[in-house]
Amino acid sequence: MNDPMWFDNPAITQQMLPATIETLLMTAWSTGLAVLFGLPLGIWLFTTSKGGLTARPALYRVLSFIVDITRSIPFIILIIALIPFARFVVGSALGWQATVVSLTVGAIPFYARLVENSLREVSEGKVEAALMMGASNGQVVRQVYVPEAKPGLIGAATVTSVTLVSYTAMAGAVGGGGLGALAISYGYNRYQADTMIACIIVLVLIVTLIQFIGDRIARAVDHR
Amino acid sequence: MIELRGLRKVFGDTVALAEIDLSVPAGEIHGIVGRSGAGKSTLIRCLTGLDSPSSGTVSIDGADLTDRSGSGMREARRSIGMVFQHVNLLDSRTAVHNVAHPLQIAGVSKAERLAKAHELLEIVGLGDRADNYPAQLSGGQKQRVGIARALAAEPKVLLCDEPTSALDASTTDQILGLIRSLRDRLGITVLIITHEMSVIREICDSVTLLADGRVARTGTLAEVISEPGSTLAKDLVPLPPIGLDDTGPATDADAVGADGAGTDDAGTDDAGTSGVQIRLVEVALAGTSLPQVLTCAQSVGVSADAILAGAVETIEGRQVGRIRFTLASAAKSKELIAALEAEGIYAEEAA
């Protein structure tokens, strides 16, 4: 075992930085897309639920069922199952772009459920007040539910993002790229403990940073 | 301005509102009182279209609210400004943006609605708190913002649902004063739903008592209070809580009489020694002045010392309220009641 260690190890000196960037890109893209699609889905879930603006119990049960199915499939299996879909969307089943597809599909229902719960926190009275002012359902959603739930929605996006960091690492096991791939191919398969430790440290730093930024933004928009 | 005709609301087998007829003329402050479960909340939900009545009509300024739906209903709701017990301001908006919200919903341009909102905040005395978030305001200030918001769309009717129930006494007085001054200034019609008799006494021109989903009594404040023997009058102008069971003399600041602890003692002694039951006589003051009642009482040999308690208010320049005499015998109480009734003053034996 005379492999070069730590700062002499090319796996760390040359591959660490691009892997970190890939992980950040995957996390950022999938978080962004999950929020983009998960927010409307969460609002839809909430408004069709019992006590929602346009309660439709049957539709709610169907939506809820789909969301729960997606959430209950272990992520590693979801990635493999989505390989054809990823290939269709980005033209390849490998690389971080393909991983973003699976990550997004996995994160949308996760975020949607958190959105639904955040919206439920908005007091009935505020909604009634807006309805009394003659607001339409769309106005109530845009002007009352979403702005009032904003700290919760941002908190939910933070939780989703942190979860996605760990998912990117899992995706590394099936050719997803990023720090996970580096940790598995060098740290695990080639017994490079230094690479493994370096990857863990960077992942911890990324998660800490996301949580810190998320908390700061949530606090900045919270006027309660 | 506000007209309810045969308003009825049934939930399953429960009749929440049974045939409510109510009419509030423009510019009047009308109070609706009733115990919880009397139908107050259901009434307000029907008035605002949050619930649709099972039958009957609600019309505001001649426009029927009951046959509307969707956008027609949203349009109609803008003619009603609503003040809530829990204010229901949006925490994510500053005071001025909360006040501007109804105008935003109505599609008024940003510059225009903010100008109007600033103007309204000035009117409610919060011009300097425009950029504060609700969390930075006191309960009374929040309710002022709530009132300014209710007025933003220039409604014809201000509906207040327990507007002061979450506020302390002095803040309540300020808010009620504000509502009254707004009525005087803008000529707006106000409907206040409350369980606080003090609110009714303080600012209402007329009042309706709801009981079991029906209008138990309705009329101007003076009418209702001076109505002999009415329980609403007794609730509106309550006697201080003293009776023969109390050992001490009345200390309530509102109480007129009971200065003689001796009277109390004498009465109790009488009852104790002769076995004669103490008689309480309640006299309703309705336009008759206190001296008139006293003169009448003296004519049958009942002195002011016999007054156990009294509660008198001046409403619309007339003294209204009740006085409770304590008398040693049934004969004496009959004599007093007869003498008072001869003068056209209502009196009854109290329990």
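Author: The account below begins with conventions, then takes up the sheet and its surroundings.

Residues are numbered from 1 along each chain as its sequence is written, while chains are lettered from A and ligands numbered from 1 in the order in which they are written. The model is predicted: local features need pLDDT of at least 70, side-chain atom pairs count only at pLDDT 80 or more, and totals for chains, interfaces and linings use all residues.

Chain B is divided into domain 1 (2–226) and domain 2 (237–350), with bounds taken from an automatic or database domain assignment. An open sheet of chain B is formed by four strands in the order E12-E13-E11-E14, with antiparallel pairing. Strands (E, at least two residues) and helices (H or I, at least four) are DSSP runs numbered from the N terminus, and two strands pair if DSSP finds at least two bridges between them. Strand E12 (307–315) and strand E14 (347–350) of chain B are the edges, each pairing on one side only. From one strand to the next the twist averages 15°.

Eight bridges hold E12(B) and strand E13 (residues 318–327) of chain B in antiparallel pairing. Within E13(B), B:Arg322 is the bridge partner of B:Ala311.

Helix H12 (residues 330–342) of chain B lies across strand E11 (279–286), E13 and E14 of chain B, and runs at about 10° to E11(B). Such angles run from 0 to 180 degrees between N-to-C directions, with axes fitted to C-alpha atoms, for helices over the stretch in contact.

B:Phe325 touches B:Val281, B:Val283, B:Ala297, B:Val302, B:Ala306, B:Ile307, B:Leu308 and B:Leu336, leaving aside residues up to four places away in sequence. Contact here requires C-beta atoms, placed from the backbone, to lie within 7 Å.

B:Phe325 and B:Val283 are also among the residues with the most contacts inside the largest nonpolar core, which has 162 residues. A nonpolar core is a set of buried Ala, Val, Leu, Ile, Met, Phe, Trp, Tyr and Cys residues joined through C-beta atoms within 7 Å; buried denotes 20 or more other C-beta atoms within 10 Å of a residue's own. This core draws at least three residues from each of domain 1 and domain 2 of chain B.

As for the boundary between the domains, five residues of domain 1 of chain B are in contact with nine residues of domain 2 of chain B. Helix H8 (residues 221–226) of chain B supplies four residues, the largest share of the domain 1 side.

Key
Two residues are in contact if their C-beta atoms, placed from the backbone, lie within 7 Å. A residue is buried if 20 or more other C-beta atoms lie within 10 Å of its own, exposed if 12 or fewer, and partly exposed in between; C-beta atoms are placed from the backbone.
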